[in-house]
Amino acid sequence: MVTVIGGLLVGALAAYGESVALVLVAAVLLGAGYGLTLGSGLLEIARLAPPSALPSTAFLHQGAAYSGFLTPLLLAVTAGAAPYPALLTGMAVVGLLCLWVTARFSRGNPP
């Protein structure tokens, strides 16, 4: 998740400065972050779900994870509301909030 947040922030800098090099760095960070997030989500499902629910739970996780591919479309649709750097920074803030909530409540409630 931290890699995705970093990729969003680098992407915001790339959009602000119109830097091709930063776009490449952001693409690497976002791609690695997406893969790590997908993999760790599947590991959490394997750890938390009962064996009889693993297939359907993994299916739902994959569907939710792949819905992230709609993000560029949503950014393009909302681009008139705010500039891309602001939209990407806002997404990073939402990611930080999700990370904080996950860290706060996962430590006190282990399975």
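**Close-up views of a predicted model**

**View 1. Helix H2 and its cover.** Among the elements that cover the buried residues of helix H2 are helix H1 (2-17) and helix H3 (54-66), as seen in this predicted model. The residues of H2 that are buried are Ala26, Gly33, Leu38, Gly41 and Ile45, and the helix to which they belong comprises residues 20-48. From its first C-alpha to its last, H2, with its 29 residues, reaches 41 Å, which is close to the 42 Å expected at 1.5 Å a residue.

**View 2. The salt bridge between Glu44 and Arg47 in helix H2.** The structure holds 1 salt bridge, in which the side chains of Glu44 and Arg47 meet at 2.7 Å, N to O. Side chains of opposite charge can pair when their charged atoms come close. Because Glu44 and Arg47 are 3 residues apart in helix H2, about one helical turn separates them. Glu44 counts as partly exposed, its relative accessibility being 35%, and Arg47 is likewise partly exposed, with a relative accessible area of 47%.

**View 3. A nonpolar surface patch that includes Val77 of helix H4.**

Methods: Residues numbered from 1 in each chain as written. Predicted model: local features only at pLDDT ≥ 70, side-chain atom pairs only at ≥ 80, totals over all residues. Heavy atoms only, no water. Patch = residues over 30% accessible without salt bridge, like charges linked within 9 Å, V, L, I, M, F, W, Y side chains within 5 Å. Areas by Shrake-Rupley, 256 points an atom, 1.4 Å probe, with all protein chains shown as cover. Salt bridge = Lys/Arg side-chain N within 4 Å of Asp/Glu carboxyl O. Helix = DSSP H or I, 4+ residues; strand = E, 2+ residues; numbered from the N terminus. Buried < 20%, exposed > 50% of the residue type's maximum accessible area, 1.4 Å probe, protein only. Expected span 1.5 Å × (residues − 1). Contact = heavy atoms within 4.5 Å.
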